[in-house]
Amino acid sequence: MSAPSSALALRSARRNALASLPAGFVVYRGPSLIDGSPIVVIVNTITSSENSKIGRMAQVWFLRSDVAPNVAIKSGRDVAICGGCPFANDNGCFVDMRPLMSVWHAFERGSYPDATPEQVGELIALAYNMGKNDGIRLGAYGDPAAAPFEVLEALALPVKGMGAATTGYTHAWGGYNAPGHLTHGAGTTHPDTLPTPACRRS
Ligand code: SF4
C-alpha cells in the first residue's frame, strides 16, 4: 500500500473508531477525596455537536455512585463531589438538572463502560485531531478535587499535548484532604488545567 493510501486508511480507521464510541466512559470508581463517599468520574460527549450550548468539549462529571444527584443535592450528600462550594446542598447550583440526571440514568443503566483515563484522554485527543471537539472540560458537574489528581492528569495530558483546550474549576485551592492533588497538580505542574470556571458555567 502506498504512503498516501496508508494515511487515508489510518484516517478512515480513526473515523470509524470515533463513530462507534459508547455514549461515555467511567474512568474512576472509588472514594471521594473530599469525604470518602463512593463516587464515579464519567466522561461523555467525546465527539460533541456543533450546537452544544456549552461548546464542543468532552464533559467530565463527578457523581456519587450510591445516590441520585437530585437526592444527594437535597440531603447535603453532594458534599462528596462539591466539597465546600457555596452552591452545594441545594443552595443555588445552576448546573442544569436535565443533562445531569440523564448522565445519572445512563450510568445506572450501565451505558458507560469502564476505561482507563489514559485511554479516554487519547480518544479525546484523537477526536480533537479529527475536528470532533475543542478539548476537555473537567467538571460539567462537581469539583475535580473529589477525584485523584492522577485521573485528571491522565485525561488532560493527551488533550493538552494536542494543543486542545482543558478547562476546569475547583473550590479546593485551600485544601480539603487532597493537598497533593492541588499543590502538585493544579497549583504547580499544570496551572492551566483547573482554574477556569467549569460546572459554574453550565
Ligand atoms: S457549582 Fe459545581 S461544585 Fe458548586 S454545587 Fe454546583 S456542581 Fe457542585
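**Exercise 1. Find the residue just after H4 that takes a positive phi, and give the angle.**

Solution. The model is predicted. Go to the end of helix H4, which covers residues 97–109. Just after H4 comes Gly110. Its phi is positive, about 80°.

**Exercise 2. Check the span of H4 against its number of residues.**

Solution. 
1. H4 has 13 residues.
2. The expected span is 1.5 Å times one less than that number.
3. At 1.5 Å a residue, H4 should therefore span 18 Å.
4. The end C-alpha atoms of H4 are 18 Å apart, so the two values agree.

**Exercise 3. Decide which residues of H4 are buried and which are exposed, and how the buried ones are arranged around the axis.**

Solution. 
1. Apply the burial cut-off: 20 or more other C-beta atoms within 10 Å. Leu100, Val103, Trp104 and Phe107 are buried in H4.
2. Look down the axis of H4. The buried residues fall within an arc of 100°, so they line one face of the helix.
3. Recall the general rule: an α-helix has 3.6 residues a turn, so residues three or four places apart point the same way.
4. Turn to the other side of H4. Arg98, His105 and Arg109 are exposed there.
5. Ask what covers the buried residues. The cover includes strands S2 (38–44), S3 (57–64) and S4 (135–141), along with helix H2 (69–75).

**Exercise 4. Describe the largest nonpolar core and say which element gives the largest share.**

Solution. 
1. The largest nonpolar core has 52 residues.
2. Ile42, Leu63 and Ile124 have the most contacts inside this core.
3. Elements that each supply at least two core residues include S1, S2, S3, H4 and S4.
4. H5 gives the largest share, seven residues.
5. Now list the partners of Leu63, leaving out residues up to four places away in sequence. Leu63 touches Ile39, Val40, Ile42, Pro69, Ile81, Trp104, Phe107, Tyr141 and Gly142.
6. Two of these names return from Exercise 3: Trp104 and Phe107 are buried in H4.

Key. Residues numbered from 1 in each chain as written. Predicted model: local features only at pLDDT ≥ 70, side-chain atom pairs only at ≥ 80, totals over all residues. Helix = DSSP H or I, 4+ residues; strand = E, 2+ residues; numbered from the N terminus. Buried ≥ 20, exposed ≤ 12 C-beta atoms within 10 Å, placed from the backbone. Arc of directions from axis to C-beta. Contact = placed C-beta atoms within 7 Å. Core = buried A, V, L, I, M, F, W, Y, C linked by C-beta atoms within 7 Å.
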